[in-house]
Every structure is written in C-alpha cells, then in structure tokens.
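Here is a quick tour of one chain, from its overall fold down to single side chains. Have the viewer open as you read.

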Amino acid sequence: LLGDDHPDTLQSVNNMGNLLYVQGKHAEAEPYFREALERRLRVLGDEHPNTLNSINSMGTLLQKLGRLSEAEAYTREALEKRRRLLGDNHPDTLISLNNMGVLLDKLGKLAEPEPYYREAMEGGRRLSGDDDLNSLNTMMSLSSLLEARGEHAEAVELMALPPHVSAPIIR
C-alpha cells in the first residue's frame with residue numbers, strides 16, 4: 001500500500017531482519033538488513049538516524065556470522081557517524097561504542113576494546129544511573145576482557161554490583 005521506499009515499509013523490512021536475528025536465524029536476517037540499509041541509504045541518506053541503525057545492525061549481524069573484517073567497517077561507520085550527528089552521550093552512540101569494543105575483543109585485539117567499553121559504561125551510568133542495562137552488559141564485557149589480560153583484581157572489582165542489582169545481566 002505504501003510502496004517499497006516508504007519509511008514505514010523500510011522499517012517493516014528492518015523489523016523482519018530483527019525478528020530473524022533475535023530468533024538466532026542470522027543468515028536469514030541478512031537479506032532483510034541489507035535491503036533496509038540499501039533502501040534507507042537511497043531514500044533517507046547516509047546520515048539519517050534510521051540509516052545509522054541499519055549500518056549498526058549490519059555490523060552486529062556480520063559479527064554474529066563471524067565475518068569480522070566486514071563487520072568492522074560497518075561498526076566503525078556507525079560509531080563515527082553517531083558520534084558526529086548524535087553526540088557522545090546519545091544512547092545509540094553508547095551502543096555503538098560497546099559494539100566496537102565487542103568487535104575488537106572478538107578480533108583478539110586485547111589492548112584496544114578497553115577505552116570503548118569504559119566510555120560506553122560511564123556514559124550509560126551518566127544517562128541512566130548505575131543499573132543501566134547496557135552499562136551492566138558493557139561492564140561484564142570489560143570485566144571479561146580484563147580477566148583475559150590477567151588483570152584479575154580490577155575484573156572482580158568491576159563485577160561488584162551496586163547493592164540494588166541482584167545479579168549480573170547475562171547476554
């Protein structure tokens with residue numbers, strides 16, 4: 001009814017990709033994410049928030065598929081553009097910071113993820129407090145990284161959760 005390029009149609013295509021992604025059907029999600037990204041680039045431009053979401057989704061999906069070098073280009077682009085257009089403290093920028101840390105961690109670059117994790121964690125705490133879900137997930141990723149690097153004391157200290165949080169969030 002709305003046509004292939006209507007923003008609501010593009011959102012529906014992207015939503016189908018998200019549904020398949022959360023169901024663990026990563027390979028099946030890829031064509032939907034690609035279609036949403038390609039159309040959003042053409043219709044909305046490369047700096048529209050929905051286009052940035054599609055770029056970020058491609059990076060995350062490609063990580064899940066193990067195509068890390070492909071994922072890195074999308075993840076870096078999403079982070080750079082979100083920083084520039086949305087600012088360092090926007091929730092979407094903080095998600096991109098965490099995604100960059102996770103990707104670098106998966107690439108085995110143990111020295112590189114830490115600043116991304118720390119910035120995402122601290123930004124989430126500033127915006128939403130100590131029990132921010134994204135910050136807690138980032139804290140767990142940072143703790144795991146520190147543990148892998150042999151920095152046991154700081155890893156344990158990070159996992160000392162605020163008293164009102166009953167258990168770590170597992171992702």
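Predicted model: local features only at pLDDT ≥ 70, side-chain atom pairs only at ≥ 80, totals over all residues.

## Overall fold

Read from the N terminus, the order is simply α-α-α-α-α-α-α-α. The radius of gyration is 17 Å, close to the 16 Å that the globule rule gives for 171 residues, so the chain is as compact as a globular protein of that length.

Along the principal axes, the C-alpha atoms fill a box of roughly 55 × 30 × 30 Å. Buried residues account for 40% of the 171. Take the contacts between residues at least 6 apart in sequence, and 53% of them join residues at least 24 apart. The accessible surface comes to about 8,700 Å², with 53% of that belonging to carbon and sulfur atoms.

## Helix 1 and its neighbours

Which residues form a nonpolar patch on the surface? They are M16, L19, V22 and Y32, and together they have about 350 Å² of accessible area. Helix 1, residues 7-22, gives the most to this patch, with three residues. V22 sits in helix 1 and has a relative accessible area of 65%; the cut-off for exposed is over 50%, so V22 counts as exposed.

The count of aromatic pairs comes to one. It is Y21 with F33: the ring centres are 6.5 Å apart and the planes meet at 55°, so the pair is tilted. Y21 belongs to helix 1 and F33 to helix 2 (residues 26-44), so the pair ties together parts that are 12 residues apart in sequence. Both Y21 and F33 are buried.

## Around helix 4

Helix 4 covers residues 68-86, and T75 is found there. Is T75 buried or exposed? Its relative accessible area is 3%, so T75 is buried. Leaving out residues up to four places away in sequence, T75 touches G59, Q63, N99, M100 and L103.

M159 has 27% relative accessibility, so it counts as partly exposed.

## Salt bridges

There are 18 salt bridges in the structure. One of them joins K81 and D46, at 3.1 Å from N to O. K81 lies in helix 4 and D46 in the loop between helix 2 and helix 3 (49-64), so this pair ties together parts that are 35 residues apart in sequence. K81 is buried at 9% relative accessibility, whereas D46 is partly exposed at 35%.

R76 and E72 make another bridge, at 2.9 Å from N to O. These two are four residues apart in helix 4, so about one helical turn separates them. R76 is partly exposed at 35%, while E72 is buried at 17%.

E119 pairs with R83, and their closest N and O atoms are 2.9 Å apart. This bridge links distant parts of the chain, with E119 in helix 6 (residues 113-128) and R83 in helix 4, 36 residues apart. Both ends are partly exposed: E119 has a relative accessible area of 25% and R83 has 26%. Finally, E114, R118, R149, E151 and E154 are linked in a salt-bridge network.

How values were computed: Residues numbered from 1 in each chain as written. Heavy atoms only, no water. Patch = residues over 30% accessible without salt bridge, like charges linked within 9 Å, V, L, I, M, F, W, Y side chains within 5 Å. Areas by Shrake-Rupley, 256 points an atom, 1.4 Å probe, with all protein chains shown as cover. Salt bridge = Lys/Arg side-chain N within 4 Å of Asp/Glu carboxyl O. Buried < 20%, exposed > 50% of the residue type's maximum accessible area, 1.4 Å probe, protein only. Rg over C-alpha atoms; globule rule 2.2 N^0.38 Å. Contact = heavy atoms within 4.5 Å. Phe/Tyr/Trp six-rings, centres within 6.5 Å; stacked < 30°, edge-to-face > 60°.
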